[in-house]
Amino acid sequence: MELVIRRYRPSDKHTVRSLFSLGIKEHIGPCFQNAMTSPLYVTVTLSLGLAGCLLGSLFTALLLPAAWVGLIYCCSYDLYARYVAEKLQTDMQDIVGSYLSRPDDCFWVAEAEVDGALQVIGMVAVVCVERGNEKHGEMFRMSISPKSRRMGVGRRLTQTVIDFCKERGFSKVVLDTTSTQMAAVDLYKKLGFKVVLTHRETHSPSWVVALTQVSILRLEKAL
C-alpha cells in the first residue's frame, strides 16, 4: 500500500470527523468488556444474583445483575461518547483554526488508494505548548481506519509528529491515551515513549470513570 502523509485540507473535514468519531467510540465495547470481566465485577454480578435468589424472587435475581451490567455499559458509553460530542463541537469543528493557524502546530492525514480511489485512512495532529523558554509538542487526534490497521499507518503518523517536533527544537512529545487502548500504548513504547503519569481526570464525572476502571495514561518521548 502506497501511503502519503500530507497536511489537512478543508475538503477532508467530513472524513476526518467521521474517522475521529468512529475511532473513539469503538472503545466503548472493549471498555465495557474489560470492566465486566474483572474479578471484582464478576463477583459483584454473581453476588447480586445470589442476593435476588435469597430474597426468594427469580425476577429480582435477574433484575439486580441486569441493572448492574446496564450501569457499567452506560458509564462506558458516556466516557467515550461524551468526549466525541465535546470535541466535535470544539477543535474538530474548526480544524484549520485549531491546528493550522500557527506555524508550530499541524494536522496531517494519511491517504492511500482503497478500492481504486484515494481515501483518507488516518490522521494525527500536534500542538506546540510553551512553558517559559521550553517548547514541546502535544499529540492529538490519532485515528486509523479499522480496515487499514496493522499496516504501519500509525507508526508513520507518529513518526511524522516526532520529526516535526525535532525540526522545531522541541524538548519532547507528549500524548494522552486510555488504558483501554493498549495496542496504541505498545506502538508508542516501541517508538520510545514512556508512561510518566496515570490519572482519572476526564470530561466525565469521576464516579463514571471509577466505575469503568479506565485510567488516562500520559506518555512522553524526549527529543
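Aspartate 91 touches Ser98, Tyr99 and Arg141, when residues up to four places away in sequence are not counted. The model examined here is a predicted one. The position of aspartate 91 is in the loop between H4 and helix H5 (95–99). With a relative accessible area of 11%, aspartate 91 is buried.

Arg141 is also among the contacts of tyrosine 83, a residue of helix H4 (residues 58–89). Once neighbours within four places in sequence are left aside, tyrosine 83 is in contact with Phe20, Ile24, Asp78, Arg141 and His203. Tyrosine 83 has a relative accessible area of 22% and is therefore partly exposed, whereas aspartate 91 is buried. A separation of 9.2 Å is found between the C-alpha atoms of tyrosine 83 and lysine 25, which are 58 residues apart along the chain.

The protein chain as a whole contains eight helices and seven strands. Taken along the principal axes, the box filled by its C-alpha atoms is roughly 70 × 45 × 30 Å. Of the 223 residues in the protein chain, 44% are buried. Contacts between residues at least 6 apart in sequence were also examined, and 69% of these join residues at least 24 apart.

The largest pocket has a volume of about 1,400 Å³. Its lining comprises 45 residues, and those nearest the centre of the pocket are Met142, Thr177, Gln181, Ala184 and Tyr188. Two or more lining residues are given by each of helix H1 (13–25), H4, strand S4 (134–144), helix H6 (153–167), S5 and helix H7 (182–190). By residue class, the lining of the largest pocket divides into 20 nonpolar, 13 polar and twelve charged residues.

Strand S5 (residues 172–178), one of the elements that contribute to the lining of the largest pocket, is joined to S7 by seven bridges, and the two strands run antiparallel. Strand S6 (residues 194–199) is likewise antiparallel to S7, with five bridges between them. Isoleucine 216 of S7 takes part in both pairings: it is the bridge partner of threonine 178 and of histidine 199. Strand S7 (residues 216–222) is largely enclosed by the rest of the structure, because five of its seven residues are buried.

The cysteines were examined for disulfides, and the count comes to zero. A disulfide is a covalent bond between the sulfur atoms of two cysteines. For cysteine 128, the closest cysteine sulfur is that of cysteine 165, at 8.3 Å, and this distance is too far for a bond, the cut-off being 2.5 Å. Cysteine 165 is in no disulfide either, and the nearest cysteine sulfur to it is that of cysteine 128. Cysteine 128 has a relative accessibility of 5% and so counts as buried. Cysteine 165, at 0% relative accessibility, also counts as buried.

Note on methods: Residues are numbered from 1 along each chain as its sequence is written. This is a predicted model: local features need pLDDT of at least 70, side-chain atom pairs count only at pLDDT 80 or more; totals for chains, interfaces and linings use all residues. Side-chain values use heavy atoms; hydrogens and water are left out. Buried means under 20% relative accessible area, exposed over 50%, partly exposed in between (1.4 Å probe, protein chains only). Helices (H or I, at least four residues) and strands (E, at least two) are DSSP runs, numbered from the N terminus. Two strands pair if DSSP finds at least two bridges between them. Contact means heavy atoms within 4.5 Å. On a 1 Å grid over the protein atoms alone, a cavity is a set of points where a 1.4 Å probe fits but cannot get out, and a pocket is an open set with protein on both sides within 12 Å along at least five of seven lines; lining residues have an atom within 4 Å of a point. Grid points are joined across faces, edges and corners, and a volume is the space filled by probe spheres set on the points. Ala, Val, Leu, Ile, Met, Phe, Trp, Tyr, Cys and Pro count as nonpolar, Asp, Glu, Lys and Arg as charged, and the others, Gly among them, as polar.
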